[in-house]
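Visitor: I would like a walk through this model, please. Could you show it to me before we start?

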Amino acid sequence: MTRRLVLSYVTVAAVILLALELPLGLVYARHEHDVASVGVVHDATALASLADDGVEHRSAVDLGALAGHYRSALTGDVAIMDRTGALVVTPRPGDGELASPAIRTELLAVTNGAPGGTRVLPGVDDLIAFEPVGSAEKPSGAVVVAASDERVDQRVHEAWLLLVVMAGGVLAGVALLGLVAARSVTGPLTQLSGAARRLGSGDLEARAPVSRGPREVRDLSVEFNSMAGRLEELVAAQRGFVADASHQLRSPLTALRLRLENISATLPDAGGDVDAVVAELDRLSRVVDGLLMLARAEGQRPVRASVDVTAVVADRTEAWSALADEAGVALAADPLPALPVGASLVPGHLEQILDNLLANALEATPAGRSVHVGVHADGGTVEVHVTDEGQGMRAEERRRAFDRFWRGAASQNGSGSGLGLSIVHQLARTSGADVELREAAGGGVDAVVRMAAVPERARDLELQ
């Protein structure tokens, strides 16, 4: 933003300078050429007046001295013709300007009564002025004066160069002042952006400075700090609720379970009813645990790091293999990649995600069938698949499976809390991953966790 502001300042200044200096330079160049033209006409008039006697008396010596004086004083050239058309003062040797036929033709014309003045002749670059000698009605001859316009061009060039240098200095000054002005605006905005970034990453104490920048930016910083303070209060209240609920809900449930077990021991006839109540208490405990875990996951923004996906999958598959054997389900891990596959995740979240997915898959898979776990890496993406061989889910059920407390028709009478997949979804989102339920080839459900892969070099540097 600073660069754009400075560029806008410099652009506006450049347009203004162009609008001012371009006409000024053109006017100056035209003025210099006009002054030079007037000077040449003046010289021609003066020489014509001084050469009058010399032309009348055919005094070539006097005319030569006059022409020599002019040439030495003004580094110009002169030629004088009498009324007969003879050149009584010839051009300087080696000079091609006044020796051209066009000059002689114009001299003859002025000698015969044509008006004097400047001329623009083909093939002649110098400033040329013609004046009649003697009477304008019956001239006794004509004078032509040539003056080089190199000095005029040099002065004009120097003037343009000076204007360019001045413009460069002005633009440099505008850029410097614009940089100071832009930083006075963008500096507080950069600090505000940094505070917002820290707040979004979980630093609830992040605040923006309110003593710098324009009034609008200061007001924005005040509002941001107010929002951050309110957010900190809300998160603190949520964390306090989670901590209180963890103690206040679990303790009564544990005490109630113990009392029911005591009643079951003293009243054998009520054993069936007590067992049913205990089962409901267990389900309620799982619901409470799931809600507390979901609240913790939603209130946190932990730092992500490189996680070895293959190692986590192998570890969780081995941990659940005993429970799978007990349920009569074959838990098989597809061939894992030979090299470690890293992904950017919150440490510990992938383990919890796999635990929930494996628990659901083992519950949905009948005895004698299999649950498969696999890892697939494709470019910048890593996918973990947990595929069961259960009865599967309809497309509508797969879309709603991540809603809280939602349970499919097959699990309405089961012991699930309806929070497992909600927890999976929240943990995946916190880690920057994505989770999706697909229809498996065998009719079951293929739960896919998709993550961003970590380049091998970045992972090696992090491990070092």
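Guide: Glu205 sits in the loop between α5 (150–200) and α6 (215–266); helices (H or I, at least four residues) and strands (E, at least two) are DSSP runs, numbered from the N terminus. This is a predicted model, in which local features need pLDDT of at least 70 and side-chain atom pairs count only at pLDDT 80 or more, while totals for chains, interfaces and linings use all residues. Residues are numbered from 1 along each chain as its sequence is written, and side-chain values use heavy atoms, with hydrogens and water left out.

Visitor: Is Glu205 buried or exposed?

Guide: Buried means under 20% relative accessible area, exposed over 50%, and partly exposed in between, with a 1.4 Å probe and protein chains only. Glu205 has 64% relative accessibility, so the residue counts as exposed.

Visitor: How far apart in space are Glu205 and Leu231, C-alpha to C-alpha?

Guide: In sequence, 26 residues separate Glu205 and Leu231. In space, their C-alpha to C-alpha distance is 9.9 Å.

Visitor: How many helices and strands does the protein chain have?

Guide: The protein chain has 464 residues, of which 37% count as buried. Its secondary structure comes to 12 helices and 12 strands.

Visitor: What is the strand order in the open sheet with antiparallel pairing?

Guide: Strands of a sheet pair through backbone hydrogen bonds, either parallel or antiparallel. Here two strands pair if DSSP finds at least two bridges between them. β1 and β5 (139–147) pair over 6 bridges, and β1 and β2 (87–89) over 2 bridges. The 5 strands follow the order β2-β1-β5-β4-β3.

Visitor: Which strands stand at the edges of that sheet?

Guide: Each edge strand has a single partner, so one side of it is left without a neighbour in the sheet. The strands at the edges are β2 and β3 (117–119).

Visitor: Why is strand β1 largely enclosed by the rest of the structure?

Guide: Asp77, Ala79 and Met81 point one way from β1, and Val78, Ile80 and Asp82 point the other way. Both sets are buried. Strand β1 (77–82) is largely enclosed because 6 of its 6 residues are buried.

Visitor: Which residue in β2 is the bridge partner of Ile80?

Guide: On the β5 side, Val78 has Val145 as its bridge partner. β1 and β2 form a hairpin with 4 residues between them, and Gly85 in the turn has a positive phi of about 90°. In β2, the bridge partner of Ile80 is Val89.

Visitor: At about what angle does helix α4 run to β5?

Guide: Axes are lines fitted to C-alpha atoms, for helices over the stretch in contact, and angles run from 0 to 180 degrees between N-to-C directions. Helix α1 (2–50) lies across β1, β3, β4 (127–134) and β5, running at about 25° to β4. Helix α4 (101–111) lies across β1, β2, β3, β4 and β5, and its angle to β5 is about 145°.

Visitor: What is the strand order in the open sheet with mixed pairing?

Guide: Its edge strands are β7 (330–333) and β11 (434–439), each pairing on one side only. Within this sheet, β9 (370–378) and β10 (381–387) run antiparallel and are joined by 7 bridges. The order of its 5 strands is β7-β9-β10-β12-β11.

Notes
Contact means heavy atoms within 4.5 Å.
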